[in-house]
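Trainee: I am new to this structure. Can we walk through it together?

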Amino acid sequence: MAKNRSGRVGEQIKKELSLLIQNEVKDPRIGFVTVTGVDVTSDLSQAKVYISVFGDEEKKSDSLKGLEKAIGFLRTELGKRMRLRHTPELIFKVDESIEYGSRIEKLLGEITQDEEK
């Protein structure tokens, strides 16, 4: 039962954080950031937030630093919007899976082009 609740809370955190980052956070370091997933511990004390950033490595690190700086604001707003007794501690991680998938797609495309020749 706790697994179901942590999954629901994770999805709600993902939805709310996406809106907050897009509309409320004014840090210029934060570029085009997408929240790709949230893993919440079973006791709801921590939430690992996976983000995807459009741009190079410098843009990714700048966006991560900006989000780290805004953690207090984001937790406060999450607490207001979700009405949890304890708002989970947010831990931001860069999600490389989208970039990895596009790289694989590109390589597969190159292979099929070579076979056609």
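Trainee: Which residues form a nonpolar patch on the surface?

Mentor: Keep in mind that this is a predicted model. The patch has about 460 Å² of accessible area together. One of its members, isoleucine 104, is found in helix α4, residues 97-116. The patch is formed by Tyr100, Ile104, Leu107, Leu108 and Ile111.

Trainee: Is isoleucine 104 buried, partly exposed or exposed?

Mentor: Buried means under 20% relative accessible area, and exposed means over 50%. Isoleucine 104 has 31% relative accessibility, so the residue counts as partly exposed.

Trainee: Is alanine 70 buried or exposed?

Mentor: Alanine 70 sits in the loop between α2 (57-69) and α3 (71-82). The C-alpha atoms of alanine 70 and lysine 26 are separated by 9.4 Å, though the two are 44 residues apart along the chain. The relative accessible area of alanine 70 is 12%, so this residue is buried.

Trainee: Which residues does threonine 87 touch, not counting residues up to four places away in sequence?

Mentor: Start with its place: threonine 87 lies in the loop between α3 and β3 (89-94). With a relative accessible area of 19%, threonine 87 is buried. Leaving out residues up to four places away in sequence, threonine 87 touches Arg75, Leu78 and Gly79.

Trainee: In β2, which residue is the bridge partner of valine 35?

Mentor: Look at strands β1 (residues 33-40) and β2 (residues 46-53), which pair in the antiparallel sense over seven bridges. Their hairpin has five residues between the strands. In β2, the partner of valine 35 is isoleucine 51.

Definitions and conventions. Residues numbered from 1 in each chain as written. Predicted model: local features only at pLDDT ≥ 70, side-chain atom pairs only at ≥ 80, totals over all residues. Heavy atoms only, no water. Helix = DSSP H or I, 4+ residues; strand = E, 2+ residues; numbered from the N terminus. Buried < 20%, exposed > 50% of the residue type's maximum accessible area, 1.4 Å probe, protein only. Patch = residues over 30% accessible without salt bridge, like charges linked within 9 Å, V, L, I, M, F, W, Y side chains within 5 Å. Areas by Shrake-Rupley, 256 points an atom, 1.4 Å probe, with all protein chains shown as cover. Salt bridge = Lys/Arg side-chain N within 4 Å of Asp/Glu carboxyl O. Contact = heavy atoms within 4.5 Å. Pairing = 2+ DSSP bridges.
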